[in-house]
Amino acid sequence: MTSDVTHDSSGMSYGDYLDLDTLLDAQHTRAVPPQHDELLFIIQHQTSELWFKLVIHELRSARELIEADDLSPALKRLARVKHIQATLSEQWTVLATLTPSEYAQFRRFLATSSGFQSLQYRIVEFMLGNKNPDMVRVFDGRPEAIAQLEEELHRPSLYDVFLQLLARRGLPVPQELLERDWSQPYRGNEALVDVFATVYSDPEKYWDIYEACEELVDLEDNFQLWRFRHLKTVERIIGMGRGTGGSAGVPFLRRALELTFFPELYAVRGRIAEGTIGS
């Protein structure tokens with residue numbers, strides 16, 4: 001009987017290709033004595049960081065494609081991000097199996113570390129338009145992290161480059177949105193709602209733009225679902241207590257639910273509901 005397993009003459013194995021020795025040796029528990037549930041906590045956050053790495057990869061590509069007026073493949077990138085977001089949200093159900101008493105057994109060994117210090121999460125927020133120069137100071141003492149954040153802080157967000165594309169297509173995007181300080185958080189603009197009202201009043205004429213608008217809304221909805229699942233998981237494990245690293249915990253996460261990346265794409269829905277578009 002012959003084996004179905006093929007052998008590459010280069011000697012490259014599955015473990016070699018994925019660098020599994022490094023990956024699977026990266027879970028270092030800290031609790032003394034060892035606590036069974038600490039491994040869950042570590043793997044949950046490590047896998048999230050791997051998914052964030054892929055989200056950043058896809059968003060950067062999508063932004064470059066939009067800048068090049070190549071919208072179709074950009075939307076494919078965003079569709080992939082949406083599936084990653086769904087996976088990230090579902091992961092919270094695994095961490096939610098951690099009870100308060102189980103977490104308390106190793107929590108003090110986290111010391112001053114906190115998810116608030118996630119560089120990749122902050123990059124994703126910046127790429128989607130939630131810019132906050134004060135967040136850079138969280139990474140004092142980490143010059144490489146600061147350099148990455150500063151670069152992203154001063155680049156147009158995904159929404160910014162989308163608005164630039166709309167302007168190139170001849171839609172009357174307000175000039176102040178096309179020439180602004182990219183390091184500042186985006187602020188809603190009523191005149192831009194008029195632009196999206198034009199798009200939504202004639203989807204066939206603006207089909208790819210219309211589709212892109214809906215992809216962005218999906219992206220934000222998924223992000224908010226992730227934030228909500230994060231909030232409820234933290235609330236389930238530590239209640240209203242403070243988070244590690246001095247973070248405010250649940251109150252901070254609840255405030256984050258009020259943030260929006262693409263405000264005009266929600267505002268235009270009110271006009272549609274009122275029947276004032278296309279009338």
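**View A. Helix α6 is a covered element of this predicted model.** The buried positions include charged residues, among them Arg-122 and Glu-125. Leu-119, Ile-123, Val-124, Phe-126, Met-127 and Leu-128 are buried as well, as are Gln-120 and Tyr-121. The cover over these residues includes α3 (38-67), α7 (143-153), α8 (158-168) and α11 (207-238). After α6 comes Gly-129, which has a positive phi near 110°.

**View B. Four aspartates form a negative surface patch.** The members are Asp-16, Asp-19, Asp-21 and Asp-25. Asp-19 sits in the loop that links α1 (14-18) to α2 (20-23). With a relative accessible area of 42%, Asp-19 is partly exposed.

**View C. A salt bridge joins Arg-155 and Glu-67.** The closest N and O atoms of the two residues are 3.9 Å apart. Because Arg-155 belongs to the loop between α7 and α8 while Glu-67 belongs to helix α3, the pair ties together parts that are 88 residues apart in sequence. Arg-155 is partly exposed, at a relative accessible area of 26%. Glu-67 is also partly exposed, with a value of 34%.

**View D. Arg-169 and Asp-208 meet through their side chains in a salt bridge.** The N to O distance is 2.7 Å. Arg-169 is found in the loop between α8 and α9 (175-178) and Asp-208 in helix α11, so this contact ties together parts that are 39 residues apart in sequence. Arg-169 is partly exposed at 41% relative accessibility, and Asp-208 is partly exposed at 27%.

View E. Lys-232 counts as partly exposed at 32% relative accessibility, and Glu-235 counts as partly exposed at 23%.

**View F. Lys-82, Glu-215 and Asp-218 belong to one salt-bridge network.** The three residues are joined through salt bridges that share partners. Side chains of opposite charge can pair when their charged atoms come close.

Terms used. Residues numbered from 1 in each chain as written. Predicted model: local features only at pLDDT ≥ 70, side-chain atom pairs only at ≥ 80, totals over all residues. Heavy atoms only, no water. Buried < 20%, exposed > 50% of the residue type's maximum accessible area, 1.4 Å probe, protein only. Helix = DSSP H or I, 4+ residues; strand = E, 2+ residues; numbered from the N terminus. Contact = heavy atoms within 4.5 Å. Patch = residues over 30% accessible without salt bridge, like charges linked within 9 Å, V, L, I, M, F, W, Y side chains within 5 Å. Areas by Shrake-Rupley, 256 points an atom, 1.4 Å probe, with all protein chains shown as cover. Charge placed at Lys NZ, Arg CZ, Asp CG, Glu CD.
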